[in-house]
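Please read this briefing alongside the sequence and the model.

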Amino acid sequence: MTYFCPACWKILPASIKICPFCGCDMAAETRSYPQRLIGALHHPVPETRELAAEILGELQYRPAIAPLLARAKEELQQRRPDVQFLAALLCSARDLGAPQQEWQTLVAQANSRLLEELIKKDKSKYPRT
Ligand SMILES: [Zn+2]
């Protein structure tokens, strides 16, 4: 299990109390790790957003389904949606058991061959339509 600073998102040892990179006090952070990851879905750094989406899937944190789908919808409103990020969001949502119809609607809405390929590369739970 990899741990990240909830403020600067650098990788940290699990036992650390104060982030050596930014000084964030872990004890003062009251949100659970998955809740912090959900917060990081809006992180300004694309790689960090993507990583947060992936880890939520790995954690099998089912309450993340709704925030993952909501974030995917939000991303689809962008003029140029981040396809890598969308793939991470949608693969995790799928792995956590997102409603299939809602999930497929979002994939179709993206209308992106690259997105479909990225999802296909990830182990597929839903059959292709
Ligand atoms: Zn930090």
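Helices (H or I, at least four residues) are DSSP runs, numbered from the N terminus. This is a predicted model, in which local features need pLDDT of at least 70, side-chain atom pairs count only at pLDDT 80 or more, and totals for chains, interfaces and linings use all residues. Residues are numbered from 1 along each chain as its sequence is written.

**Leucine 51**
- Leucine 51 sits in helix H2 (residues 46–58).
- Leucine 51 has 19 other C-beta atoms within 10 Å and is therefore partly exposed (buried means 20 or more, exposed 12 or fewer, partly exposed in between, with C-beta atoms placed from the backbone).
- Its C-alpha atom is separated by 15 Å from that of proline 67, 16 residues apart along the chain.

**Helices H4 and H6**
- The axes of H4 (residues 83–96) and H6 (residues 113–121) come within 9 Å and cross at roughly 40° (axes are lines fitted to C-alpha atoms over the stretch in contact, and angles run from 0 to 180 degrees between N-to-C directions).
- That angle makes H4 oblique to H6, because angles under 35 degrees count as roughly parallel, over 145 as roughly antiparallel, 65 to 115 as roughly perpendicular and the rest as oblique.
- Val83, Gln84, Leu86, Ala87, Leu90 and Cys91 in H4 meet Leu114, Leu115, Leu118 and Ile119 in H6 (contact means C-beta atoms, placed from the backbone, within 7 Å).

**Positive phi in loops**
- Glutamine 60, in the loop between H2 and helix H3 (65–76), is not a glycine but has a positive phi of about 55°.
- Glutamine 60 counts as exposed, with 12 C-beta neighbours inside 10 Å.
- Asparagine 111, in the loop between helix H5 (100–110) and H6, has a positive phi near 50°.
- Asparagine 111 counts as exposed, with 9 C-beta neighbours inside 10 Å.

Note on methods:
Helix = DSSP H or I, 4+ residues; strand = E, 2+ residues; numbered from the N terminus. Contact = placed C-beta atoms within 7 Å.
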